[in-house]
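Dear colleague,

Please find the structure below for your files. My notes on what was found in it follow directly after.

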Amino acid sequence: MSDSRRPPEVDRAAASRRAVAARRERAALKRDVSTRVITPQELLRRGLADPLSAAGAMRVTEFLTAIPAIGESKRDRILASLGISPVKRLGGLGSRQRDALRAYLDSRWPEPGPREGRSRLVVLAGPTAVGKGTVAAHIKEHFPEIHLSVSATTRAPRPGEVDGEHYYFVDDAEFDRLIASGELLEWATVHNAHRYGTPREPIERVLSAGGTALLEIDLQGARQVRAADPSATLVFLLPPSWDELVHRLVGRGTEDADERARRLRTARTELAAQNEFDYRVVNDEVARAAAEVVALAARRPDVG
Ligand code: 5GP
């Protein structure tokens, strides 16, 4: 290229900054897929919707290896069998290639759809630090028609927490008694520390009166509720991105390296549970996420 055709210095600097930013954005998206914050299908949808976006500019090779369980040789076999050239970008796939890729993803990692016949027993769960408590508190304040369950716990009250309002604070002997007498709908030891459980009776009262009950509980509890009542509506709260979850988990940086690593491992495992849920709601903004949970809770049992 002759000097006269070379772009001016400032343009080149700006272009290289843009390239770095785009690479970073693609890396963040790949992390969201590998940590299961978003499904591969969702990333493909974004890429197809806007070929100029970070998702659209992603090569199919990068896309496939971001999916847990796909290595480089498997990736190459998949691309060959789907008739897609490795240099293709998501935004540049032809219609037959899109269909083939979508069909392949759906066959291997089906996206859970809402199940039929959901009840008005609604469970809100999600990874640690995603903000379940804040969303539940917002619902309690702004949607009083929804009954927010008050759990029993063996942990001590924090400053400002009121017995019977935030939790029923009980000792170990009382918790043992609640379990033995079948008074808990579910219970679990959370973070290897204290026991938490949902009193059964208030929930049954609300449901039999045609009301909606919301449980903000951990994943083990959500699984028990599903086992006890397969028609319960299970909602999984997701962070807007993996980076955002990491920020919320270790943002203050007060933990040592081992503790950070432990929390991130737990978060990955917790995110992997999302496919067991009927609905997924992104906690990008508390009021919006709360409204979406309420809308799901209000769906009639026969609407599905
Ligand atoms: P915290 O001690 O911060 O109030 O709550 C810790 C965790 O316990 C949260 O993840 C919350 O979802 C969970 N949790 C609160 N109540 C219950 C419950 O009744 N059952 C179960 N399984 N988990 C609960």
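Arg26 is buried, because its relative accessible area is 17% and buried means under 20% (exposed means over 50%, and partly exposed lies in between; the probe is 1.4 Å and protein chains only are considered). Arg26 belongs to helix α1, residues 9-34; helices here are DSSP runs of H or I with at least four residues, strands are runs of E with at least two, and both are numbered from the N terminus. Leaving aside neighbours within four places in sequence, Arg26 is in contact with Ala54, Ala57, Met58 and Glu62, where contact means heavy atoms within 4.5 Å.

Please bear in mind that this is a predicted model, in which local features need pLDDT of at least 70 and side-chain atom pairs count only at pLDDT 80 or more, while totals for chains, interfaces and linings use all residues. Residues are numbered from 1 along each chain as its sequence is written, and side-chain values use heavy atoms, with hydrogens and water left out.

Thr61 sits in helix α3, residues 60-66. Is Thr61 buried or exposed? Thr61 counts as buried, because its relative accessibility is 14%. Apart from neighbours within four places in sequence, the contacts of Thr61 are Arg75, Leu79 and Pro86.

The chain as a whole may be summarised as follows. The protein chain contains 12 helices and nine strands, and its C-alpha atoms fill a box of roughly 85 × 45 × 35 Å, taken along the principal axes. Of the 304 residues in the protein chain, 41% are buried. Among contacts in the protein chain with a separation of 6 or more, 67% are between residues 24 or more positions apart. The protein chain exposes about 16,100 Å², and carbon and sulfur atoms supply 52% of this area; accessible areas come from the Shrake-Rupley method with a 1.4 Å probe, and for residues only the protein chains shown count as cover.

As to charge, the protein chain carries 47 positive and 43 negative side chains, and the centres of the two sets lie 9 Å apart. Lys and Arg count as positive and Asp and Glu as negative, whereas His and the chain ends are not counted. The place of a charge is taken as NZ of Lys, CZ of Arg, CG of Asp or CD of Glu.

The ligand may be of particular interest to you. Which residues come nearest to the ligand? Of the 15 residues around the ligand, these are Ser151, Arg155, Tyr167, Tyr196 and Glu216; a residue is near a molecule if one of its heavy atoms lies within 4 Å of it. In the side chain of Tyr167, an N or O atom is 2.5 Å from an oxygen atom of the ligand. For the side chain of Arg155, the corresponding distance from an N or O atom to a ligand oxygen atom is 2.6 Å, and for the side chain of Lys132 it is 3.0 Å. On its own the ligand has 510 Å² of accessible area, of which the protein covers 87%.

Two residues deserve a note on backbone geometry. Ala129, in the loop between β1 (121-125) and α6 (132-142), has a phi near 75°, a positive value in a residue other than glycine. Ala129 counts as partly exposed, because its relative accessibility is 34%. Asn192 likewise has a positive phi, near 55°, and is not a glycine; its place is in the loop between β5 (184-190) and β6 (194-199). Asn192 is exposed, because its relative accessible area is 77%.

The C-alpha atoms of Val206 and Arg120 are separated by 9.3 Å, although the two residues are 86 residues apart along the chain.

Finally, Gly221 is found in helix α9, residues 219-228. Gly221 counts as buried, because its relative accessibility is 0%. The C-alpha atoms of Gly221 and Arg248 are separated by 23 Å, with the two residues 27 residues apart along the chain.

Yours sincerely

Conventions: Polar contact = N/O pair within 3.5 Å; in protein donor to acceptor, adjacent residues only side chain to side chain.
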